[in-house]
Amino acid sequence: MSVLVRPATAADRPTVERLWLMFRHDLSEMEGLLPGPDGTFRSDRLRSAFTDADWAPYLLTSGDRPAGFAFVRDLTGPVRVLNSFFVVRGARGRGIGLRAVQEIVARHPGRWEVAFQDANPAAVRFWRRVAAETAGEAWTEERRPVPRRPDVPPDVWISFSTGGGRPGDGAPAE
Ligand SMILES: CC(C)(COP(=O)(O)OP(=O)(O)OC[C@H]1O[C@@H](n2cnc3c(N)ncnc32)[C@H](O)[C@@H]1OP(=O)(O)O)[C@@H](O)C(=O)NCCC(=O)NCCS
C-alpha cells in the first residue's frame with residue numbers, strides 16, 4: 001500500500017475532522033474517556049492545527065483514500081513537536097506510519113519530540129522504532145509529568161534530531 005503525505009488544506013478539514021474522531025475514539029479506550037454529549041471529543045488541537053501559524057496539519061492518503069493525519073506544532077521554535085499522529089485501522093501494520101513520520105520530519109530538519117502514554121503499547125513500540133530508524137542511537141526517552149494534571153500518569157517523551165542538532169539540548173517543549 002503506497003502512502004502520500006501532504007499538507008492538509010482548508011478543503012481537507014472535514015476529512016481530517018472525521019479522522020480526528022477515529023483517533024480520539026482509539027485513544028479514549030486507553031484513557032477510559034466517553035465522548036461529549038454531542039458524540040464528539042475535545043478538538044482544540046484540531047482547531048490549532050488549521051488556524052495557528054506555528055502549526056501544520058498533514059494528511060496521509062493512499063490513492064484517493066485518506067489513510068491518516070499528523071499535526072506538527074512549534075514549527076518555528078527550537079524543538080518541533082509531533083503533536084497528534086494517526087493511521088486508519090485498515091492501513092496499519094504495513095509500514096505506512098513509519099514512512100509518513102520520516103517524510104514529515106524530513107520536511108522540517110532539526111530537533112523533534114513526541115509524547116505518548118505507557119498505556120498505549122502500540123505507540124510505545126512504534127515511536128521507539130521511528131526514533132531508532134530516523135536517528136540511529138541518537139534519541140532519548142524520558143517521562144514528564146503532564147502539566148496541571150497530577151492525577152494522570154506521566155507522558156513518555158521521545159526526542160531525536162534530523163539533519164543536525166542533538167536531542168535534549170534545548171528548551172523543553174512544554
Ligand atoms: C501507532 C500507529 C500510528 C502505528 O501506525 P502503523 O502504520 O500501523 O505503524 P507501522 O506499520 O509503520 O509500524 C512500524 C513499527 O512500529 C511498531 N508497531 C506499530 N504498530 C504496532 C503494534 N500494534 N504493536 C506492536 N508494535 C507496533 C513495529 O515495530 C512496527 O514495525 P514492524 O511492523 O516491522 O514490526 C497506529 O497504530 C495508530 O494510529 N494508532 C492509534 C493512534 C495512536 O496511538 N497514535 C500514536 C499516539 S500519539
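**Entry 1: Asn-120**

I looked up Asn-120 in this predicted model and found that it counts as buried, because its relative accessibility is 14%. Here buried means under 20% relative accessible area, exposed means over 50%, and partly exposed lies in between, with a 1.4 Å probe and protein chains only. Asn-120 sits in the loop between β5 and α4. Leaving aside residues up to four places away in sequence, I noted that Asn-120 touches Leu-27 and Met-30; contact means heavy atoms within 4.5 Å.

Residues are numbered from 1 along each chain as its sequence is written, and side-chain values use heavy atoms, with hydrogens and water left out. As the model is predicted, local features need pLDDT of at least 70 and side-chain atom pairs count only at pLDDT 80 or more, while totals for chains, interfaces and linings use all residues.

**Entry 2: helix α4**

I next followed helix α4, residues 121-135. Helices (H or I, at least four residues) and strands (E, at least two) are DSSP runs, numbered from the N terminus. The expected span of a helix is 1.5 Å times one less than its number of residues. For the 15 residues of α4 this gives 21 Å, and the end C-alpha atoms are 21 Å apart, which agrees.

Which residues of α4 are buried? I listed Ala-123, Val-124, Trp-127, Val-130, Ala-131 and Ala-135. They lie on the same side of α4, because they cover an arc of only 135° around the axis; the arc is that of the directions from the helix axis to the C-beta atoms. On the other side of α4, I found Pro-121, Ala-122 and Arg-125 exposed.

I then asked what the buried residues of α4 pack against. Their partners are the strands β4 (79-87), β5 (110-116), β6 (139-144) and β7 (155-162), together with the helix α3 (96-107). Just after α4, Gly-136 takes a positive phi of about 60°.

**Entry 3: helix α3**

I turned to α3, one of those partners. Its 12 residues reach 17 Å from first C-alpha to last, close to the 16 Å expected at 1.5 Å a residue. Within α3, I noted Ile-96, Gly-97, Leu-98, Ala-100, Val-101, Ile-104 and Val-105 as buried.

**Entry 4: two loop residues**

I checked Asp-74, in the loop between β3 (65-73) and β4. Asp-74 has a positive phi of about 60° although it is not a glycine. Arg-148, in the loop between β6 and β7, likewise is not a glycine and has a positive phi of about 60°. Is Arg-148 buried or exposed? I found Arg-148 exposed, because its relative accessible area is 78%.

**Entry 5: the whole protein**

I counted 4 helices and 7 strands, in the sequence pattern β-α-α-β-β-β-α-β-α-β-β. The radius of gyration is 16 Å, close to the 16 Å of the globule rule for 174 residues, so the protein is as compact as a globular protein of that length. This radius is taken over C-alpha atoms, and the globule rule is 2.2 Å times the number of residues to the power 0.38. The C-alpha trace spans about 40 × 40 × 30 Å along its principal axes. Of the 174 residues, 43% count as buried. Among contacts between residues at least 6 apart in sequence, 57% join residues at least 24 apart.
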